[in-house]
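Welcome! Here is a short tour of a protein model, written for someone meeting it for the first time. Please have a look at the sequence and the structure before reading on.

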Amino acid sequence: MTVFKTTSCQSINLRGTLMTFEKPKVMGILNLTPDSFYDGGQHQDAAAALAHAQHLVQEGADIIDIGAYSSRPGAQEISAQEEIDRALPAIAAIRTALPHVILSIDTFRADVAEACVKAGVHIINDVSGGTLDERMFDTVAKLQVPYILMHMRGTPQTMQTMTDYTDVVNDVAISLGHGIAKLRSMGVRDIILDPGYGFAKTIDQNYDLLMRVNELAYFGLPILGGISRKSMLYKKLGTTPDQVLPGTIALNTLLLERGVQILRVHDVKEAKQLIDIFYN
């Protein structure tokens with residue numbers, strides 16, 4: 001088996017501190033939403049969010065990704081203000097109790113991103129890759145924070161009707177390439193790529209993209225893989241999100257073999273152990 005382990009010295013600048021990727025990082029998921037597909041409603045208030053953040057850090061999370069808007073297929077629309085009102089109390093609690101933890105905000109809205117960065121967040125994680133808010137790239141350029149450029153078509157409400165690709169891997173790469181070029185032209189230095197598993201892709205397309213994700217290394221940027229407990233696992237197996245941790249570990253192994261530098265997961269301890277074994 002060919003293994004595409006990265007040996008590059010890629011890095012991102014986090015408020016003056018460099019994060020490097022000689023060894024992949026783990027991004028722990030903190031959902032503040034009532035309707036996320038796996039853990040919706042469990043961490044909605046600031047105290048519960050802080051407790052889960054502390055748990056993620058204890059298990060070895062390098063980054064905590066805070067989401068205040070559910071981007072699952074068919075998710076309910078909420079206003080930008082409601083998203084901000086959900087996110088800021090949790091960010092404040094975490095920054096106070098865990099001042100050294102690296103935070104990202106999972107949002108496609110420029111206003112939400114800016115408010116959260118001003119509150120202490122280090123990274124903007126945009127599931128739409130700048131397609132749902134025309135001000136997002138300008139905001140990232142102004143703030144000069146690392147930006148996760150993800151591939152998606154449509155909106156969370158419509159994306160699963162937009163899965164017509166000539167070659168899903170090439171089409172995703174072309175789309176990401178356009179985003180990279182625009183961001184670079186605006187002076188954005190720190191970009192992380194996310195192929196967008198589960199976003200405007202069929203189950204088969206998700207697996208094609210997983211098996212060939214190493215082709216995105218062409219851009220020379222860190223790659224994030226987020227397949228944790230997603231429908232590409234539980235629908236394929238005919239089960240539910242809470243039953244697919246073994247499958248998540250298996251697919252994360254394939255991502256590591258293909259050179260992915262960040263694993264976005266619900267289960268940090270297992271991902272951390274996997275990386276420690278894989279990179280021993």
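Contact here means heavy atoms within 4.5 Å. Helices (H or I, at least four residues) and strands (E, at least two) are DSSP runs, numbered from the N terminus. This is a predicted model, in which local features need pLDDT of at least 70 and side-chain atom pairs count only at pLDDT 80 or more, while totals for chains, interfaces and linings use all residues. Residues are numbered from 1 along each chain as its sequence is written, and side-chain values use heavy atoms, with hydrogens and water left out.

**Helix 1 and helix 2**

- In helix 1, A46, A49, L50, A53 and Q54 meet P89, A90, A93, I94 and A97 of helix 2.
- The residues of this contact divide into 9 nonpolar, 1 polar and no charged (Ala, Val, Leu, Ile, Met, Phe, Trp, Tyr, Cys and Pro count as nonpolar, Asp, Glu, Lys and Arg as charged, and the others, Gly among them, as polar).
- Helix 1 (residues 46–58) packs against helix 2 at an angle of about 45°, and their axes are 8 Å apart; axes are lines fitted to C-alpha atoms, for helices over the stretch in contact, and angles run from 0 to 180 degrees between N-to-C directions.
- The two helices are therefore oblique to each other (angles under 35 degrees count as roughly parallel, over 145 as roughly antiparallel, 65 to 115 as roughly perpendicular and the rest as oblique).

**Helix 3 and its surroundings**

- Helix 3 (residues 110–118) has A110, V112, A113, E114, C116 and V117 as its buried residues, where buried means under 20% relative accessible area, exposed over 50% and partly exposed in between (1.4 Å probe, protein chains only).
- Those buried residues pack against helix 2 (80–97), strand 5 (102–106), strand 6 (123–126) and helix 4 (136–143).
- After helix 3 comes G120, with a positive phi near 125°.

- T107 sits in the loop between strand 5 and helix 3, and T107 is buried, with a relative accessible area of 2%.
- Leaving out residues up to four places away in sequence, T107 touches E83, V112, A113, N125, D126, V127 and M136.

**Helix 8 and helix 9**

- The axes of helix 8 (residues 245–257) and helix 9 (residues 268–278) come within 10 Å and cross at roughly 40°, so helix 8 and helix 9 are oblique to each other.
- L245, I249, N252, T253, L256 and E257 of helix 8 meet E270, L274, I275 and F278 of helix 9.
- By class, this contact has 6 nonpolar, 2 polar and 2 charged residues.
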